[in-house]
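Look over the sequence and the 3D view first.

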Amino acid sequence: MSELANFELSNFAEIFFVAMQITTDQGKVCVRTPCKVNPFLEVLSRRPDGYHDLDTLMVAVDLYDELEFSECEGSNWHLSVHAKSAWIQQQIGYNGDRLGDVHQNLVWKALGLLSRELGIHKGLCVKLQKSIPVQAGLGGGSSDAAAALVAAQWMWTGHYDHELACRLASQLGSDINFFLEGFRGGAWVAACLGRGEKVQPIKAHTNLNWLLVCPAIGCNTGTVFRSLELGADAPRSLLNENTSLDGDLGKSVELERVLFNRLFNAAIVAYPDLGVFYDRLRNIAPQLQFTMSGSGSTFFTICEREIAIRVSETIEQQLNCFTYVGNCWKTRSIAEQIDDLTLQSAHKNNRS
Ligand code: C5P
């Protein structure tokens, strides 16, 4: 049987979480990992290393990708990328069952970094089922990379070192750390500082419905940041201006009141078609306030579910886009769930 872990993964075939995000099945580890939106994004300054310091709020929304990790013979890795929706298939250049260059995928890069760090190189098959649009400001690639850092580490070593995952996450990108953290007792909301990798959980009312509108325009994050002109307005501050103190959780924020994205103008300078799309969106639903997520191209709004469903149908009919109506992602972090699997494995091993 497997030499992947210090214990038998098959012991856990029957483990099933109610909010099933991480499960094991016959030696496979399956992870569902969400997207994020940024209800608030301010750019504070340009840094000497070429990055920008941010003050941003991220909320996980329940549109998710699925990853299945299984051991394979030898020491090679295999990553296949799939999509059920025709929209995503078109976006990722779907050709049968593989994305063009898997080596550019953040999951592959995460495996490489982790393998070098651990000094372990074992065969691994990863099947990635994409439902989160790419180059859309929704953090899909980052979310997948976070899942890889957790699941592969657990499979290769038999335990999970959160500090290690966080350190590697910040080397790989700016948004990945958010997906490694969860929030006590519910949804996943955090203020993110530095490049975005310094994650501070924050309390917010999260029984909200989100309408995501993703145009057929991919935004490259670096290109959008390069179009940004800083200095015209004084920076806004999320934590100082919009938060109140709330018990032991520290800060609390009302998401509907903070909606702002400093990168919006930069994105429509870099991608003029995005500006045209936004104007058409506003004409279709003038009663709703749309905000761009991350460096684009997704626009989102918070509204009643019935309104979101009705408006999304009209938007899809009139604009070339993908829409999603969903809720906040209410679960514990990937890391906490892996901790549970590890604890239960130890418990079972002790009993047998
Ligand atoms: O961190 P990530 O790889 O997603 O960033 C992609 C690009 O976006 C960076 O190379 C950088 O040009 C820009 N960026 C930035 N400041 C940030 C995050 C990203 O300038 N905080």
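Which polar backbone atom is 3.0 Å from a nitrogen atom of the ligand? That atom belongs to Arg195.

This is a predicted model, where local features need pLDDT of at least 70, side-chain atom pairs count only at pLDDT 80 or more, and totals for chains, interfaces and linings use all residues. Residues are numbered from 1 along each chain as its sequence is written, and side-chain values use heavy atoms, with hydrogens and water left out.

The table lists them (a polar contact is a pair of N or O atoms within 3.5 Å).

| Residue | Side-chain atom | Ligand atom | Distance |
|---|---|---|---|
| His52 | polar | oxygen | 2.7 Å |
| Ser174 | N or O | oxygen | 2.6 Å |

Taken alone, the ligand exposes 450 Å². The protein buries 73% of that (Shrake-Rupley method, 1.4 Å probe).

The residues around the ligand (a heavy atom within 4 Å) include Gly50, Tyr51, Leu54 and Phe225. Helix H6 gives the most to this shell, three residues (helices are DSSP runs of H or I, at least four residues).

The ligand sits in the largest pocket (more than half of its atoms lie within 2 Å of the pocket's grid points). A pocket is an open set of points on a 1 Å grid over the protein atoms alone, where a 1.4 Å probe fits, with protein on both sides within 12 Å along at least five of seven lines; lining residues have an atom within 4 Å of a point. The largest pocket is lined by 47 residues, with Leu106 and Thr221 among those nearest its centre.

Technical notes
A polar contact is a pair of N or O atoms within 3.5 Å; within protein, one must be able to donate a hydrogen and the other to accept it, and residues adjacent in sequence count only if both atoms are side-chain atoms. Helices (H or I, at least four residues) and strands (E, at least two) are DSSP runs, numbered from the N terminus.
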